[in-house]
Amino acid sequence: MANYFKASDTIYDITEKYPETIGLFVSNGFENLNDPAMRSTLGKSITLEMALTMRKLNQEIFIEKLEEVIEQNLPSFTSGLTPMKKEDGGDIRIEGVLPCPIRLPLLEKFEAWMESQKDSMDYKVDYNLKSANLGLDDVKERVIAADGNADALSDLYLSAGFDLFFDKNLMGRYREEGVFEDISGVEKINPDFDNDAICLKDPKNQYSIIGVVAAVFMVNTNVLGDRPFPESWEDLMKPEFENSVSMPMKDLDMFNAFLLHIYRHYGEEGIKKMGKALLHNLHPAQMVKSHIKKEGTTVPTVTISPYFFASMADEKSPMRPVWPKDGAIISPIFLLAKARNKDKVKPFVDFLYSKEIGDIMASNGKFPSTNPLVDNHLKPEQNFMWLGWDYIHSHDIGELIKTTEQMFYKAAEKESL
C-alpha cells in the first residue's frame, strides 16, 4: 500500500486532502464529520490514531480501507500505483472486485497486459476493479438500475460469492435469459476441481470460475482444554463448541458461501448448531491474532478464516490451521461474460484465465486456480466442499441466502440470551 497519510495526521488533514474518505468515516460511527464545521474544528484536534482508539476500531484494517477508497478515486498512475478504474466512455466495460491479498499484483499484470494490447485493440475499455473489502453495493445498484435491460449491464464481471450472480433480483434474471456465456474455451479445468468428488465447470456453459476462496479454520490450543481437537465442520456443531467460534460475518462472500454449504450438506439443523457456536464476528486479518486476549473479551477456541489468512498464522502461536476433513468451503471467483460482445471480451477472459494469473492466485494469495496448467500445491487430503451445479440450478440461491441467514442469526441470538 502507498503511504498517503500517517496515523498521527489529523482527521481534518486527511479528509481535506482526500474528501472521498469522509463517507468511510461517517459509516464507521464518525457522523459529525458530515458537518464541514465539525471537520475544521474537532477534526483539527484529533489524530486518526486517537479517533480509532476512541471507537475501538482496528487501526491496521481501517487504514487499509481508507487507502482502498483513495486508490479507487485515483484517475491514473500515481507514484507507481496501478489505478483501480478507468471510465471514459469505453466500448466495453469490465467491473468487479479482487481479493485483497492479490489485488495489486493482479492490477499490475492487468495494466501491463493492457499496454501490450494497445496497438492491436481497436476499441476502448472501461474498467473498475476494486478491492473486495469495499463490497459490491455499487455494482448491485447498477444491476438493479438496469431493470431488465441487458444492454445496460457491464460486459464482464469478476467477483467471489453467490449473491450477486444468482439472486433473481440481481444477475439471476439475466442468467435465466441466456445473457451470459462461458467463452473461456477451457474444456477441462484443473483436476483439483474436476474429479470424482467435484466439478466446478458449469454444465450450462454460462459461468466461468477462475479460482476459489477456500474457507478453513484455526484452533486455539491454549483454550481448547480437554475438548477433542476438531477436524471437521461437523465437529464444530457439537455442544462442546457452543459460544466458541468466531467467523467473518462482514465478509459477505465467504459468510454466504459458508451458510449455503452448511445448509446444503448438514441441513437446517447444521445452520442452527453453527449459530449456537458463534462467539465473535472478526475480520479475517484479525483472525490470525485471535488468540490475543483483549480486555473485556473472550478468546474464541476456533476461528473460521480464508485459507490465505490461516496460512499466515505464526508457528509460535497457539493457533493451529485445520483443513476440514469434510472439505474446505468454496466461495468461487466467478467470471461472468455477456455473450453479445464476446469478440471484444474474449481477450480479457483469456488473460484472466491464463496460467500467469492462475499462478499469482495460487501462490501469492493461496486462492487455488482452476487453470489446468497451474500447480495449486494442494495435498490429496485438501479436498473441497461444493454446492454442486445441480443444486445451484434447482434452487433460488438469493432466497436461500436470506433464509439461512435468518436461521443462523435466530439461533445465535437465542444462545446469547
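**View 1. Strand 4 and its pairing partners.** In this predicted model, strand 4 and strand 10 (residues 328-337) are joined by five bridges and run antiparallel. Within this pairing, Ala160 has Ile333 of strand 10 as its bridge partner. Strand 4, which covers residues 156-160, is mostly covered, with five of its five residues buried.

View 2. Strand 3 (residues 125-131) is mostly covered, and seven of its seven residues are buried. With strand 2 (residues 92-98) it pairs in the parallel sense over seven bridges, and Arg93 stands opposite Asp126 of strand 3. Strand 1 (residues 85-86) is joined to strand 3 by two bridges, and these two strands run antiparallel; here Lys86 stands opposite Tyr127 of strand 3.

**View 3. Phe162 and the largest nonpolar core.** The largest nonpolar core has 112 residues, and those touching the most other members are Phe162, Met171, Met247, Phe348 and Phe384. When neighbours within four places in sequence are left aside, the residues in contact with Phe162 include Asp167, Ala257, Leu260, His261, Ile330, Pro332 and Phe334, as well as Trp386, Leu387, Ile392, Ile397 and Ile401. Another core, of 19 residues, lies apart from this one, and Ile11, Leu24, Phe30 and Phe62 are among its members.

**View 4. The surroundings of Phe241.** Phe241 is located in the loop that lies between helix 11 (233-236) and strand 6 (245-247). Because its relative accessibility is 2%, Phe241 counts as buried. Not counting residues up to four places away in sequence, Phe241 touches Leu224, Arg227, Pro228, Pro230, Asp235, Leu236, Ala277, Thr301 and Val302. Of these contacts, Thr301 is 60 residues apart from Phe241 along the chain, and the C-alpha atoms of the two are separated by 7.9 Å.

**View 5. The second largest pocket.** The second largest pocket, with a volume of about 290 Å³, has a lining made up of five nonpolar, two polar and four charged residues. The residues that line this pocket are Val216, Glu231, Tyr307, Pro321, Val322, Trp323, Lys325, His377, Lys379, Glu381 and Gln382.

Technical notes
Residues numbered from 1 in each chain as written. Predicted model: local features only at pLDDT ≥ 70, side-chain atom pairs only at ≥ 80, totals over all residues. Heavy atoms only, no water. Core = buried A, V, L, I, M, F, W, Y, C linked by side-chain atoms within 4.5 Å. Buried < 20%, exposed > 50% of the residue type's maximum accessible area, 1.4 Å probe, protein only. Contact = heavy atoms within 4.5 Å. 1 Å grid on protein atoms, 1.4 Å probe; cavity = no way out; pocket = protein on both sides within 12 Å on 5 of 7 lines; lining within 4 Å. Points joined across faces, edges and corners; volume = space filled by probe spheres on them. Nonpolar A, V, L, I, M, F, W, Y, C, P; charged D, E, K, R; others polar. Helix = DSSP H or I, 4+ residues; strand = E, 2+ residues; numbered from the N terminus. Pairing = 2+ DSSP bridges.
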